[in-house]
Amino acid sequence: MDFCKLNECEINYLVSALANALAEGLTKEEISFLSRFLAHLSGALQLIVSFKNLCGSQKNSTQINETQFNGFPTGASQASAAQNNNAQTSGSQTCDDDDD
């Protein structure tokens, strides 16, 4: 469903209809719980959007340094560190060897 094609009145009607459908057959306590659950879900979704808006552009515009966590390499940094260590211990191999 393309929500952008709806007007404000239709959105409100849709939300009310959904609320009525969800509440049908539930007790007052269940409706209250569902209301609080969905309010919490709404807040969590708003937080995710805010985080993506704030941090998403920063993550896309800068390279993430994987060694920021206590200075210990993780993931790809571990593999890179292992390769560097192997190159240093082998002695004869350097980065500018083109014999491959």
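Helices are DSSP runs of H or I with at least four residues, strands are runs of E with at least two, and both are numbered from the N terminus. In this chain there are three helices and zero strands, and the order from the N terminus is α-α-α. The model is predicted: local features need pLDDT of at least 70 and side-chain atom pairs count only at pLDDT 80 or more, while totals for chains, interfaces and linings use all residues. Residues are numbered from 1 along each chain as its sequence is written, and side-chain values use heavy atoms, with hydrogens and water left out.

Consider the surface next. The accessible surface of the chain is about 9200 Å² (Shrake-Rupley method, 1.4 Å probe), and 57% of that surface belongs to carbon and sulfur atoms.

One nonpolar surface patch covers about 760 Å². A patch of this kind joins nonpolar side chains (Val, Leu, Ile, Met, Phe, Trp, Tyr) within 5 Å, taking residues with over 30% relative accessible area and no salt bridge. A salt bridge is a side-chain nitrogen of Lys or Arg within 4 Å of a carboxyl oxygen of Asp or Glu. The patch is made by Leu18, Leu22, Phe33, Phe37, Leu38, Leu41, Leu45 and Ile48. Phe33 lies in α2 and counts as exposed because its relative accessible area is 59%, where exposed means over 50%.

Now the largest pocket. A pocket is an open set of points on a 1 Å grid where a 1.4 Å probe fits, with protein on both sides within 12 Å along at least five of seven lines; lining residues have an atom within 4 Å of a point. Phe3, Ile11, Leu14, Val15, Leu18, Ala19, Leu22 and Leu38 line the largest pocket. Helix α1 (residues 8-23) gives the most to this lining, with six residues.

Technical notes: Patch = residues over 30% accessible without salt bridge, like charges linked within 9 Å, V, L, I, M, F, W, Y side chains within 5 Å. Buried < 20%, exposed > 50% of the residue type's maximum accessible area, 1.4 Å probe, protein only.
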